[in-house]
Amino acid sequence: MKTCTTIIAKLKIAAMPGKPALTTAWLCGAALFLTAAAGILPAQTASPATSAGQNATNEKVSGAAAGQETPAASEIPQPAKPAKGPRSSDQRRAAKLYLESTKLFLNSQFEEARLGFERAAALDSANANYALAAQVARSHQVTALIQEAARDSLLGDEAAARAALARALALDPTNFEVSRHLDELADERVRAQPKPLYAQASSEIGNADTLLPAPAAQSFHLHLDQRQLIDKVFKAYGLMAMIDDSVRPTQVRLDMDDVTFKDAMRILGLVTHTFYVPLDAHHALVANDERDIRERLTPQETETVYLAGLSADDMNEVQSLAKNVFEAQQVQLSGPEHAMTIRAPASTLDAFNTTLRSLLDGRSQVLVDVKIIQVAHTGERNTGAQLPPSFSAFNVFAEEQTLLSQNAALVQQIISSGLAASNDPLAIIAILIASGQVTSPLLSSGFALFGGGLTESALVPGTAKFNLSLNTSDSRELDQFELRMEDGQDETIKEGERYPIQTSSFSSPSIPNIPGLTGAGASGSLGSLLSSLGSAAPAIPMIQYEDLGLNMKVTPKVLRNGDVALNIDLKLDALSGTSIDGNPILNNRAYNGMVTLREGEASVLATEVDKSQSQAISGTPGISEIPGLNNITDKDSQQNYATLVIVMTPHVVRGPQAAGRTAMIRVEKSVQ
């Protein structure tokens with residue numbers, strides 16, 4: 001019973017959380033089953049062990065009887081122990097880590113997910129899913145790092161791209177994609193390096209000899225002849241000087257402190273008027289500094305410069321540059337290969353190559369993106385009431401008599417037909433109006449009666465208006481230009497029209513002198529004909545075209561720090577609407593200035609091209625000026641304006657001199 005209770009307790013402890021509790025009867029039955037199984041299993045496993053022990057004893061006895069050495073107990077092979085499985089607490093913890101890492105994986109947090117999967121696999125090594133999940137997370141993390149490196153490379157952050165690829169390579173050293181991206185990054189770095197002026201077809205035969213003096217600074221206070229002085233200075237730096245016979249033993253004095261070999265050679269050459277030529281690392285030839293001696297002793301180097309793409313005239317110009325400016329004695333052109341072979345000292349060749357590189361590279365090029373936006377607005381608003389400007393009055397009795405007298409025949413017909421009595425003039429007039437026989441402007445509009453009897457009168461008001469209208473129009477126009485210019489080159493944008501203006505006229509009514517025609521002749525009719533032709537000679541106008549609209553000139557200048565300075569010259573020409581002697585007057589507005597921008601930064605230039613506003617008030621005098629009543633009067637307001645906006649964005653598309661410019665130097669002066 002004690003055993004059953006203990007097993008029940010263990011089964012309760014091992015129950016999974018969230019499952020319903022097991023009944024005591026079921027647990028007791030399960031415990032009895034496990035107890036019985038535990039008793040059967042030792043009995044079954046004991047038999048082989050016992051038989052194996054008996055066999056081992058028999059073998060030991062037979063071995064002892066045969067006189068053989070009995071093996072030690074430690075040398076007898078023991079049965080392998082079963083591997084110990086993970087604890088249930090570790091399994092639960094591993095399952096929890098697996099679930100948490102799965103959520104991180106779905107959120108693209110691959111590094112955190114991989115670490116979680118690896119910890120779960122370490123806790124429960126029997127579950128192969130944890131190790132597989134860690135491998136999948138590792139592959140996704142490597143892919144994410146490759147994408148991050150590609151994004152950083154596009155943005156120009158080479159250090160961040162290389163760091164991301166290094167992390168990816170540490171995670172998966174055998175990944176082919178990571179190695180390929182590292183190679184591409186290295187290739188881009190090599191392509192970004194400044195290219196030489198030309199590619200040499202063959203390697204150099206040998207390097208020029210250079211001296212290897214002692215690096216320590218030396219001080220000299222000597223008063224010797226030139227030959228002894230040169231020898232002492234060279235020996236101070238661990239070198240041997242071979243002095244030419246052209247150096248005379250003239251007494252000189254040399255005083256200098258803490259100078260390097262380079263400075264000592266420069267000062268020594270000025271004092272003794274000599275130069276040296278390296279023979280090897282520790283020997284130099286010193287001779288008098290004369291042109292013929294220098295040309296004879298200075299080592300000459302031969303170099304082939306390839307001038308692909310240059311015409312024959314350009315190659316002749318380069319040859320003339322090498323001979324006349326750099327004083328190269330041997331210069332030979334090869335037309336078919338577009339090459340030039342030059343023989344000169346190494347320093348001369350270096351200076352020639354630097355100059356030729358700057359000439360062939362040319363100037364920087366700037367692309368200016370210009371956007372011209374024109375916004376125009378026209379608006380008209382007419383609101384308010386327009387009262388009658390006039391009134392008319394008439395006498396009713398007099399107007400009746402006038403109508404009856406003017407239509408007497410019709411009145412007699414109406415009376416004779418019995419339509420109206422003779423003493424009822426209003427009925428007669430009504431019948432005349434209804435029949436359309438009588439028309440009067442007084443009857444076309446309403447009227448008001450006042451008075452009575454013979455003095456009864458009518459008042460006819462004028463026409464009243466009420467206006468409520470709004471007319472607006474907006475227009476937007478966009479023009480885009482791209483100007484590609486060299487550094488310092490100007491370009492002009494013209495947008496508008498060319499307007500012809502007559503400045504003068506030319507006519508020639510005179511006829512050349514022809515005997516018998518222009519002079520005395522027999523035909524008088526012929527003379528009259530000539531005179532009529534001469535007077536009808538047409539006038540020839542002289543026309544000058546003026547550019548109306550926008551005229552803008554842009555000149556870029558690339559600065560040393562990469563910024564672009566734009567010089568803008570803007571002109572706006574338009575007709576003013578008036579003229580003098582038939583010639584129109586032009587309105588001109590101009591702007592000239594300079595703006596400095598970073599590459600890709602936009603500059604906005606705005607101007608009011610036209611702006612006008614007018615307002616008209618119509619109403620009864622006095623009423624339109626009374627506060628509160630002036631709002632009901634008619635108001636007509638018009639407003640027009642046009643705005644011009646110019647957006648310019650410079651881009652440096654070619655900057656060959658950017659890498660070769662010298663650094664900016666700031667000179668500071670100290671005041672004592």
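## Two open sheets

Two strands count as paired if DSSP finds at least two bridges between them, and the strands themselves (E, at least two residues), like the helices (H or I, at least four), are DSSP runs numbered from the N terminus. With that in hand, meet an open sheet of four strands, ordered E14-E15-E16-E17 and paired antiparallel. Its edges are strand E14 (491–506) and strand E17 (583–597), each with a single partner strand, so one side of each has no neighbour in the sheet. On average, neighbouring strands here are turned by 20° against each other, direction ignored; axes are lines fitted to C-alpha atoms, for helices over the stretch in contact, and angles run from 0 to 180 degrees between N-to-C directions. E14 and strand E15 (residues 540–558) run antiparallel and are joined by 15 bridges. Within E15, proline 541 is the bridge partner of serine 505.

A second open sheet has three strands in the order E6-E8-E7, again with antiparallel pairing. Strand E6 (301–306) and strand E7 (330–334) are at the edges; each has a single partner strand, so one side of each is left without a neighbour in the sheet. Neighbouring strands in this sheet are turned by 15° on average, direction ignored. Five bridges hold E7 and strand E8 (residues 339–344) in their antiparallel pairing, and glutamine 330 has arginine 343 in E8 as its bridge partner. Helix H11 (residues 312–325) lies across E7 and E8, at about 170° to E7.

## About the model

Please keep in mind that this is a predicted model, where local features need pLDDT of at least 70 and side-chain atom pairs count only at pLDDT 80 or more, while totals for chains, interfaces and linings use all residues. Residues are numbered from 1 along each chain as its sequence is written, and side-chain values use heavy atoms, leaving out hydrogens and water.

Helix H4 (residues 110–123) has 14 residues and reaches 20 Å from its first C-alpha to its last. That is close to the 20 Å expected at 1.5 Å a residue, where the expected span is 1.5 Å times one less than the number of residues.

Which residues of H4 are buried? They are Phe110, Ala113, Arg114, Gly116, Phe117, Ala120 and Ala121; buried means under 20% relative accessible area, exposed over 50%, and partly exposed in between (1.4 Å probe, protein chains only). Seen down the axis of H4, its buried residues fall within an arc of 165°, so they line one face of the helix; the arc is that of the directions from the helix axis to the C-beta atoms. Their cover includes helix H3 (88–106), helix H5 (128–154) and helix H6 (158–171).

## Histidine 377

Histidine 377 sits in strand E9 (residues 365–386) and is buried, at a relative accessible area of 16%. Setting aside residues up to four places away in sequence, histidine 377 touches Thr472, Ser473, Asp474, Gln639, Asn640 and Tyr641 (contact means heavy atoms within 4.5 Å). With aspartate 474, histidine 377 makes a side-chain to side-chain polar contact of 2.6 Å. A polar contact is a pair of N or O atoms within 3.5 Å; within protein, one must be able to donate a hydrogen and the other to accept it, and residues adjacent in sequence count only if both atoms are side-chain atoms.

## Two positive phi values

Most residues other than glycine have a negative phi. Aspartate 258, in strand E3 (residues 251–259), has a positive phi of about 50° although it is not a glycine. Aspartate 258 counts as exposed, at 61% relative accessibility.

Histidine 273 also has a positive phi, near 55°. Histidine 273 is found in the loop between helix H9 (261–272) and strand E4 (274–278), and at 44% relative accessibility it counts as partly exposed.
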